[in-house]
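Welcome! Please take a moment to look over the sequence and the model shown here, and then we can walk through them together.

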Amino acid sequence: MKVLVTGGCGFLGSHVCEYYIQQGCQVVSYDNMTKHELNRTGFAVDYARDYNWNYLKSIGVEMVKADIRDLEVLLDHSKGCDYIIHTAAQPAMTISWEDPHLDITTNVVGTFNVLECARRHKVPIASCATIHVYGNKINETLKETDKRYVRKPQGISEAHPTLEGILTPLHASKFAGDIYVRTYIDTYKIEAVSFRLTGIYGTRQFGGEDHGWVANFSIRAMTDRPITIFGTGRQVRDIVYATDVCRAFDAFYRTRKSGVYNIGGGTKTAISLLDCIDLLSDIIGKRPEVIFAPDRHGDLRYFVCNIKKAKDNLNWSPEIMPKEGIQRLVNWIDENIEIFKAG
Ligand SMILES: NC(=O)c1ccc[n+]([C@@H]2O[C@H](COP(=O)([O-])OP(=O)(O)OC[C@H]3O[C@@H](n4cnc5c(N)ncnc54)[C@H](O)[C@@H]3O)[C@@H](O)[C@H]2O)c1
């Protein structure tokens with residue numbers, strides 16, 4: 001089996017590549033190596049860009065440095081593949097409002113091109129959307145306790161209204177990708193899923209303030225840098241470990257039940273930013289300095305997935321709980337601590 005992973009050198013994409021190499025597949029990473037938010041993390045900037053590339057090459061992944069916005073090149077490299085997993089994206093809300101052109105071309109034109117490859121080559125495709133497609137009107141339905149926002153019912157399903165609340169270019173571009181997946185399923189009968197992903201975390205995540213908050217907190221805590229929390233810290237996500245998302249991609253390949261799915265840890269992994277600081281402090285044995293700042297335009301204060309549809313149709317459920325997942329992330333940062341310290 002040959003798998004093409006767009007954005008293979010990104011955080012999630014690198015886990016997908018590793019997962020399929022471990023299954024004995026031929027794997028191609030297709031990535032233009034332009035992770036824009038890396039320029040703003042303040043740590044490991046140059047090193048991070050090459051880290052996943054070098055790692056994937058060492059485990060036998062075929063590397064292609066190219067752009068998903070270039071349809072002809074993408075068509076060429078996806079020929080002969082059995083499965084396309086589309087993780088390449090402009091994933092940060094902050095960058096979406098600073099550079100809406102980059103956002104729309106990457107997330108809308110890019111996703112369209114990947115779908116075209118799936119249609120023309122007749123291969124199944126899994127694409128990454130986000131829980132931001134539901135919008136942040138959810139913020140108006142919350143109560144709060146000392147440590148977290150709470151909501152009833154806790155889990156939010158795929159039937160929840162979309163794009164309600166204040167919109168940013170990221171909302172528009174990621175939702176457009178999600179709609180295009182559904183359009184290609186209906187019109188061209190391709191086998192496809194759009195996974196509306198919650199906060200993902202894991203090793204090889206060079207998280208910063210723009211994207212990848214669990215890794216950002218962990219790296220900062222372990223290198224004695226202060227952590228900035230935008231808002232009260234009571235924001236909640238049902239964080240999901242990267243390899244659990246890889247298992248969801250594989251579950252679709254095996255079941256072929258097309259459609260949109262919420263993919264997250266569900267109520268068992270729901271954690272607030274403040275809870276995460278507590279858990280991190282326990283794991284690393286020291287309490288990081290925390291600075292509070294106003295919340296940001298478009299921020300979503302709560303999301304916990306109802307994952308029943310993925311359980312029923314794909315026979316998938318997450319396995320890794322936050323304590324174990326954050327410990328794995330912390331171990332990886334510890335093994336690479338010099339590069340994070342160096343900046
Ligand atoms: N990480 C999360 O918490 C999270 C949450 C919800 C949804 N998602 C979605 O999951 C997917 C993967 O996210 P991630 O965290 O791994 O992001 P990432 O930024 O780590 O990886 C994205 C990769 O895509 C590549 N890329 C960007 N533009 C490209 C282009 N034009 N052509 C080719 N490659 C390009 C980048 O170089 C990068 O390696 C994205 O669609 C994102 O929106 C992620």
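## The seven-stranded sheet

In what order do the seven strands of the open sheet stand, and is the pairing parallel or antiparallel? The order is β3-β2-β1-β4-β5-β8-β13, and the pairing is parallel. Because β3 (62-65) and β13 (259-263) stand at the edges with a single partner strand each, one side of each is left without a neighbour in the sheet. On average, neighbouring strands of this sheet are turned by 20 degrees against each other, direction ignored.

Before going further, please note that this is a predicted model: local features need pLDDT of at least 70, side-chain atom pairs count only at pLDDT 80 or more, and totals for chains, interfaces and linings use all residues. Residues are numbered from 1 along each chain as its sequence is written. Strands (E, at least two residues) and helices (H or I, at least four) are DSSP runs, numbered from the N terminus. Two strands pair if DSSP finds at least two bridges between them.

## A sheet of three strands

There is also an open sheet of three strands, in the order β14-β11-β16, and its pairing is mixed. The edges are held by β14 (270-272) and β16 (302-303), each with a single partner strand, so one side of each has no neighbour in the sheet.

Strand β11 (residues 236-238) and β14 run antiparallel and are joined by three bridges. R237 has I271 in β14 as its bridge partner.

## Around the ligand

Which residues come nearest to the ligand? Of the 26 residues around the ligand, these are G7, G10, L12, A89 and C128. (A residue is near a molecule or strand if its C-beta atom, placed from the backbone, lies within 6 Å of it.) The elements that give two or more residues to this shell are α1 (11-22), α5 (100-121) and β5 (125-130).

The largest share, three residues, comes from α1. By class, the shell has eleven nonpolar, eleven polar and four charged residues. In this scheme Ala, Val, Leu, Ile, Met, Phe, Trp, Tyr, Cys and Pro count as nonpolar, Asp, Glu, Lys and Arg as charged, and the others, Gly among them, as polar.

## Helix α5 and its partners

Helix α5 packs with helix α6 (residues 169-188) at an angle of about 15 degrees, and their axes are 9 Å apart. Axes are lines fitted to C-alpha atoms, for helices over the stretch in contact, and angles run from 0 to 180 degrees between N-to-C directions. That angle makes α5 roughly parallel to α6; angles under 35 degrees count as roughly parallel, over 145 as roughly antiparallel, 65 to 115 as roughly perpendicular and the rest as oblique.

L71, L74, L75 and S78 of α3 make the contact with N113, V114, E116, C117, R120 and H121 of α5, where two residues are in contact if their C-beta atoms, placed from the backbone, lie within 7 Å.

## Helices α7 and α9

Helix α7 (residues 213-222) and helix α9 (residues 273-284) pack at about 45 degrees, with axes 11 Å apart. They are therefore oblique to each other, and α7 passes α9 in a right-handed crossing. V214, F217, S218, A221 and M222 of α7 meet C276, I277, L280 and I284 of α9. This contact has eight nonpolar, one polar and no charged residues.

## Two backbone details

K152 and P153 are joined by a cis peptide bond, with omega about -5 degrees. P153 is placed in the loop between β7 (149-150) and α6.

K189 is a residue other than glycine with a positive phi, near 60 degrees. You can find K189 in the loop between α6 and β8 (192-197).

Terms used
A crossing is left-handed if the near helix is turned anticlockwise from the far one by less than a right angle, and right-handed if clockwise.
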